[in-house]
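Here is a friendly walk around a protein model, with an eye on its pockets, its surface and its charged pairs. Please keep the 3D view open as you read.

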Amino acid sequence: MSTPRRFLFLVSSSRPHGNTEQLARRAATQLPAAVAQEWINLADVPLPVFADLRHATAEAWAPHVEGNARRLLEATLAATDLVMVTPVYWYSLPAAAKLYLDHWSAWLRAPGWDFKPRMKERTLWGISVSSDTDPRFAEPLSQTLRFTADYMQMCWGGFLLGYGNRPGEVLQHAPSLAAADRFFAAAR
Ligand SMILES: Cc1cc2nc3c(=O)[nH]c(=O)nc-3n(C[C@H](O)[C@H](O)[C@H](O)COP(=O)(O)O)c2cc1C
C-alpha cells in the first residue's frame, strides 16, 4: 500500500493573506479530500538567525533542532509533499523562506534525524506570485527550488506562477486561476 499523501504548505509572504497564499489555497482546492493538508505561515514560527555550524561540534547543533526549528523540522518530515508558497522578492525567495532552507543545511547534519535520506523521493513544489508579467524574472526562484529538489534527491512537482501586486489582485487574473486549477493534477 502506498503512503497516504500529506501536503505541507509553507507560506513565506511577509503580509497576511497575500496573493501567493490565496493562489495556493485556490490550487489546494483541487487536491483530493483524502490528502491531508497542513498550512504553516513562517512568520508564525520564526526561526533563529542561521549560523553555519557544519564544522562545529555536535552539541553546537542544538538551537537548530529545538523550539520553532524542531516544529518545522518535524512538520517537514511528516509531509510527503512540501509546497513552498513564496512570493517573488527581488527575483528570488523572501528572507523567511531562504532562512528555512538555510536551516536544512543544519538539519542535513543534525545527528539522529537522517534528514536527507528521509526527504529523498518526497515531492517539492513551488507556488509564487510576481508583479511582473514576464515569467523570466521568476526563474531564479523557480531554479532555486528545482535545484534544491535535485540536491535532496526529491521529486520536482512543478512551479506555479501567478500575476498580482496589490493584495487579492491574483484572484482577478483569470490565467493565474486557470493555472492554479490545473497545478495539482499530477497529485490526483
Ligand atoms: C521586498 C519585495 C521585493 C519584490 N520583488 C519583486 C521582484 O523581484 N519581481 C516582481 O515581479 N515582483 C516583486 N515584488 C512584488 C511581489 O512579488 C508582489 O507584490 C506579490 O503579489 C506579493 O505576494 P504576496 O501578496 O503573497 O505577498 C516584490 C515585493 C516585495 C515586498
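What follows takes the salt bridges, then the pockets, then a surface patch.

This is a predicted model, in which local features need pLDDT of at least 70, side-chain atom pairs count only at pLDDT 80 or more, and totals for chains, interfaces and linings use all residues. Residues are numbered from 1 along each chain as its sequence is written, and side-chain values use heavy atoms, with hydrogens and water left out.

**Salt bridges**

A salt bridge here is a side-chain nitrogen of Lys or Arg within 4 Å of a carboxyl oxygen of Asp or Glu. The count comes to nine salt bridges, among them these:

| Pair | Closest N and O atoms |
|---|---|
| Arg26 and Asp181 | 2.8 Å |
| Glu38 and Arg71 | 3.0 Å |
| Asp102 and Lys98 | 3.1 Å |

Arg26 lies in helix α1 and Asp181 in helix α6 (residues 174–183), so this pair ties together parts 155 residues apart in sequence. Helices are DSSP runs (H or I, at least four residues), as are strands (E, at least two), numbered from the N terminus. Accessibility is sorted as buried (under 20% relative accessible area), exposed (over 50%) or partly exposed (in between), with a 1.4 Å probe and protein chains only. Arg26 is partly exposed at 31%, and Asp181 is partly exposed at 25%.

**Pockets**

A pocket is an open set of points on a 1 Å grid over the protein atoms alone, where a 1.4 Å probe fits, with protein on both sides within 12 Å along at least five of seven lines; lining residues have an atom within 4 Å of a point. The largest pocket has a volume of about 290 Å³. Of its 19 lining residues, the closest to the centre are Pro87, Val88, Val129, Ser130 and Ser131.

The second largest pocket has a volume of about 200 Å³. Its lining includes Lys98, Asp102, Trp104 and Tyr151. Helix α3 gives the most to this lining, with five residues. Asp102 and Lys98, the salt-bridged pair in the table, sit four residues apart in α3, about one helical turn.

**A surface patch**

Tyr89, Trp90, Tyr91 and Phe137 form a nonpolar patch on the surface, with about 500 Å² of accessible area together. Such a patch joins nonpolar side chains within 5 Å, from residues with over 30% relative accessible area and no salt bridge. Trp90 sits in the loop between β3 (81–85) and α3, and is exposed at 76%.

Conventions: Points joined across faces, edges and corners; volume = space filled by probe spheres on them. Patch = residues over 30% accessible without salt bridge, like charges linked within 9 Å, V, L, I, M, F, W, Y side chains within 5 Å. Areas by Shrake-Rupley, 256 points an atom, 1.4 Å probe, with all protein chains shown as cover.
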